[in-house]
Structures are given as structure tokens and as C-alpha cells.
Amino acid sequence: MDSLDLARSAAVWAGHQLSDGQGEMLEAYAEWLIHEAIPAGGLGPRESDRIWGRHIADSVAFSAAWPAAPPEILDVGTGVGLPGIPLAILWPDTEVTVLDRGGRRIRLLTRAVRILGLENVRVAQGDVFDVADEWSGLVFRGSVKAPEAVGLAGRLLGIPGTAVLGLSRREEPPDRTRDLVGIATALGLQAEVVGTPPEILDGPAWILIMRLGA
């Protein structure tokens, strides 16, 4: 069933816990996605029926890359706050920057952050290819092409640093995975492909975790 339970399962699988208060915040975010983000075109019109498994719990599963809350995360091309906002709810002491180029999405994100009262989230408008500073945490969820994401991880990660790239929701990791791992390794990153068991979400999911100096 598509519900908060999927996000709780994803958090436990990743080695973390969601409190009742965090669960309530995720439910408020789910309501905002369904009633504001989808009508505004931030997600497809049919996504409301799978908002937990396909989007929120999938975002929480990104936390598997960190054994404890990281100090900061840059969510590249966040769209309507995925995965940045669920991670910010999971880790209230982590400074999360949600970056997107679109003006309408920025207005949506600003409203979501205000409604949810997320003091640890900064909304930023811009292009990731113009970002020059280093980050200890990066996440990419369908925002740029996978090889570009690996290249950006190599350029933007500080030491120590961890980046997570969402690869696929198919039964098997994509054919290009070996190439992506090769690119990451050539850039000096430790790369690991991790699959989320299908019973955790609404199906299998694959992420590429890249670490620098870890």
C-alpha cells in the first residue's frame, strides 16, 4: 500500500529511523505534492497514486549512503524537492540546499519550505554547471544525464564527500552502470552500486554511491 509505511521501511533499510513527528512532516509534504505540486505540473498527473513508493520513500532510500547525518547536501535539479526535502526532514541538523533552474519550481519550493517550516533548507535558483564551491554531500535524482552527474561529483565533492545518483527503477541496473563506475573510478571516486530490495519500495531501485576520501 502506498503510504508512510514505505518511507519508514526505506529509512530502516538505510540504517535510520523516522520519528512520529518526522512522519507527520512527510505526510504534510505528500499532501503538498498531491494538492499543489502535481496541479502545478511539478510531477505527472498520475503520480498521486504512487507518491510514497515512487517519490518520497525512494528519496529516503538515498540516505543509505550515509551512516549518520551529513553536515550538508546539495540537491542538484531538485524539481519539487526530491530527494532534498525528505532528506532534510530525516536529518534536521543537515543544511540542505535545493537547487533548480526553473523559476516556477523555485516559487513552489519556497512555498513548500515555508509550509513545512524547514529551517534547514535553502532554496537556490541556478545551474549546477555554474556551481564552483565544494560540497560534502551531493544528490542527483533524474536531474542531469548520469555521466554528467558522475563528472559533477568528481568536480564538486570535497574531502570527505559522498554523492548519490539515482540510476533506475527497473529490475536490473542499467547497462551503462559499469561505464559509470569506470568514470567515477577514473576521477578518483570510490563507486558502489546499491539496489533497494523490491519489498522496501514499490519495486526495485538502484543508486550509485560515490565517495571521495572516505
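Select Tyr 29 to begin, and you will find a buried residue, because its relative accessibility is 0%, where buried stands for under 20% relative accessible area, exposed for over 50% and partly exposed for what falls in between, with a 1.4 Å probe and protein chains only. What you have open is a predicted model, in which local features need pLDDT of at least 70 and side-chain atom pairs count only at pLDDT 80 or more, while totals for chains, interfaces and linings use all residues. Residues are numbered from 1 along each chain as its sequence is written, and side-chain values use heavy atoms, with hydrogens and water left out.

Tyr 29 and Trp 32 both belong to helix H2, and because they are three residues apart they are separated by about one helical turn; helices (H or I, at least four residues) and strands (E, at least two) are DSSP runs, numbered from the N terminus. The structure holds two aromatic pairs. In the pair of Tyr 29 and Trp 32, the ring centres are 6.0 Å apart and the planes lie at 15 degrees, so this pair is stacked. For such pairs, rings of Phe, Tyr and Trp (its six-membered ring) must have centres within 6.5 Å, and planes under 30 degrees apart count as stacked, over 60 as edge-to-face and the rest as tilted.

Now select Trp 66 and Trp 91, whose aromatic pair is edge-to-face, at 5.8 Å from centre to centre and with 85 degrees between the planes. Trp 66 sits in the loop between helix H3 (51–60) and E1, and Trp 91 in the loop between helix H4 (84–90) and E2, so the pair ties together parts that are 25 residues apart in sequence. Trp 66 counts as buried at 5% relative accessibility, and Trp 91 is buried with a relative accessible area of 6%.

From there, move to His 16, in the loop between helix H1 (4–14) and helix H2 (20–37). His 16 is buried, with a relative accessible area of 8%. Its contacts (heavy atoms within 4.5 Å), leaving aside neighbours within four places in sequence, include Trp 66, Trp 91, Pro 67 and Leu 90. A polar atom of the His 16 side chain also lies 3.1 Å from the backbone oxygen of Ser 63.

Trp 91 leads onward to Asn 120, which is in contact with Ala 88, Trp 91, Pro 92, Thr 94, Glu 95 and Val 96 when neighbours within four places in sequence are left aside. Asn 120 is placed in the loop between helix H5 (103–116) and strand E3 (121–125), and at 7% relative accessibility Asn 120 counts as buried. A polar atom of the Asn 120 side chain is 3.1 Å from the backbone oxygen of Ala 88.

Now show the strands as a cartoon. Seven of them form an open sheet in the order E3-E2-E1-E4-E5-E7-E6, with mixed pairing, and two strands pair if DSSP finds at least two bridges between them. The edge strands are E3 and strand E6 (190–196), each of which pairs on one side only. Within the sheet, strand E1 (residues 72–76) and strand E2 (residues 95–100) run parallel and are joined by five bridges; Ile 73, for instance, has Val 96 in E2 as its bridge partner.

Staying in strand E2, select Thr 97. Thr 97 is buried, with a relative accessible area of 6%, and, not counting residues up to four places away in sequence, Thr 97 touches Ile 73, Leu 74, Asp 75, Arg 122, Ala 124 and Trp 135. The C-alpha atoms of Thr 97 and Thr 78, 19 residues apart along the chain, are separated by 9.2 Å.

Finish with two peptide bonds. Most peptide bonds are trans. A cis peptide bond joins Leu 82 and Pro 83, with omega about 10 degrees, and Pro 83 is found in the loop between E1 and H4. Another cis peptide bond joins Ile 159 and Pro 160, with omega about -5 degrees, and here Pro 160 lies in strand E5.

Methods
A polar contact is a pair of N or O atoms within 3.5 Å; within protein, one must be able to donate a hydrogen and the other to accept it, and residues adjacent in sequence count only if both atoms are side-chain atoms.
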